[in-house]
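Trainee: I am new to this structure and would like to learn how to read it step by step. Could we begin with the surroundings of the ligand and then turn to the helices?

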Amino acid sequence: MTDSPRQHKRTRAVHSGIRRSQYGEMAEALFMTQGFVYDSAAQAEARFEKVGADEFIYARYGNPTSRMFEDRIADLEGTEDAFATASGMAAVNGALMSLVAPGDKIVAARAMFGSCLYVLDILARFGVEVELVDGLDLDEWERALKGGAKAVFFESVSNPGLEVIDIAAVARLAHAAGALVICDNVFATPVFSRAVELGCDVVIYSSTKHIDGGGRALGGVICGTREFVREIAEPYLKHTGGAISPFNAWLMLNGLNTMELRVRAQADSALAIARALGPHDAISKLVYPGLPSHPQHDLAMSQMGSGGTMLAIELEGGKDAAFAMLDRLELISISNNLGDAKSIITHPATTTHQRLTPENKALLGITPGLVRLSVGLEHSDDLIADIRQALE
Ligand SMILES: *Cc1c(COP(=O)(O)O)cnc(C)c1O
């Protein structure tokens, strides 16, 4: 099957990247092997000198199942290549760490997942200059990029505040400053992503989320130019052990088959929930990029064509009200994954974003009353009923 860019994403998500063995198997094969046998010592020598297109050495470097996942996601994202990693954080760490050296500068949006901030702290420890800006304020980006920078890094839709970054505008400023644009695109999902078209050079996913879609396995991926992926990221990742397990890559590959159907249904339900909860006495703020009340609603619609699958809801009664609501939910689970088939609710201030200082939490709107809802595949009427009864 060809990987024609004229085909729809939904078609390519099923067919792209398939490599069939001599058996002509229909489904994507799971090559659960760390190593590969050489016909001769000379062949081994030759392969270590230069790896050919359909050749593998060791699963830490690459594996046929992992490569199928990489080729499929690269095709969907519109990048030349991709490297699959053990987790989303291995992808963030790999993309940033492989690129920078002491004295380089990274400008990043401060509305960011706690572990991403941790990676930036490590880089700062090794002499990388890290400047955090308000991602919504283009003047701040411009000021921080004045003296040039190696890279900019941001979550295109922030976790959990759902701030939507103007990718095209930030990419213009970054490129003018000679910086590479690296985007954590988890909340946008590959379904609603136009990251490359808007100017991103490197697009990162935690495939643990919507790509797996069933909360089964950790995984991640770095999508970019062949040069970035194979000459910058891959050497770092293959020597430091960040590669994905072939089994997890196989799960992700199968996740991509159904991703578009799942994510669109989840986003439809998220919009239905956001509309149904409307003004409610117990809710002080409901954040959903698909609602006209969201500060970057127009941008979200032009950039993604959807509000996505996540909602942030701030409860009037603070932490006590948030905990009481979580405890009363019957259908929606208290957990901290997202993009799962099952709806999940999280209290970021005490869990995923506990590490942030009180000042940072306040700055990012991670208030004691804030809960984050990842909308699953249940019928939206049932989810709305569950939330309503929990708010009583
Ligand atoms: C979950 C997440 C990550 C980390 O992914 P893991 O697969 O858990 O390592 C990074 N960025 C964002 C925005 C996430 O939601």
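Mentor: Let us begin with the terms: Ala, Val, Leu, Ile, Met, Phe, Trp, Tyr, Cys and Pro count as nonpolar, Asp, Glu, Lys and Arg as charged, and the others, Gly among them, as polar. Please keep in mind that this is a predicted model.

Trainee: How many residues of the shell around the ligand are nonpolar, polar and charged?

Mentor: Five residues of that shell are nonpolar, six are polar and three are charged. Of the 14 residues around the ligand, those that come nearest are G88, D184, S206, T208 and K209.

Trainee: Which side chain has an N or O atom 2.6 Å from an oxygen atom of the ligand?

Mentor: That side chain belongs to T208, while a polar backbone atom of M89 is 2.8 Å from an oxygen atom of the ligand, and for an N or O atom in the side chain of N159 the distance to a ligand oxygen is 3.5 Å. Of the 380 Å² of accessible area that the ligand has on its own, the protein covers 90%.

Trainee: What describes two packed helices?

Mentor: Two packed helices are described by the angle between their axes and by the distance between those axes. Here, helix α4 (residues 88-97) packs with helix α9 (residues 226-240) at an angle of about 110°, their axes being 9 Å apart, which makes α4 roughly perpendicular to α9.

Trainee: How is α5 placed relative to α4, roughly parallel or roughly perpendicular?

Mentor: The axes of α4 and helix α5 (residues 114-125) come within 10 Å and cross at roughly 30°, and angles under 35 degrees count as roughly parallel, so α4 and α5 are roughly parallel to each other. The crossing of α4 and α5 is right-handed.

How values were computed: Residues numbered from 1 in each chain as written. Predicted model: local features only at pLDDT ≥ 70, side-chain atom pairs only at ≥ 80, totals over all residues. Heavy atoms only, no water. Near = heavy atom within 4 Å. Polar contact = N/O pair within 3.5 Å; in protein donor to acceptor, adjacent residues only side chain to side chain. Areas by Shrake-Rupley, 256 points an atom, 1.4 Å probe, with all protein chains shown as cover. Axes fitted to C-alpha atoms, helices over the stretch in contact; angles between N-to-C directions. Helix = DSSP H or I, 4+ residues; strand = E, 2+ residues; numbered from the N terminus. Parallel < 35°, antiparallel > 145°, perpendicular 65-115°, else oblique. Left-handed = near helix turned anticlockwise from the far one by under 90°.
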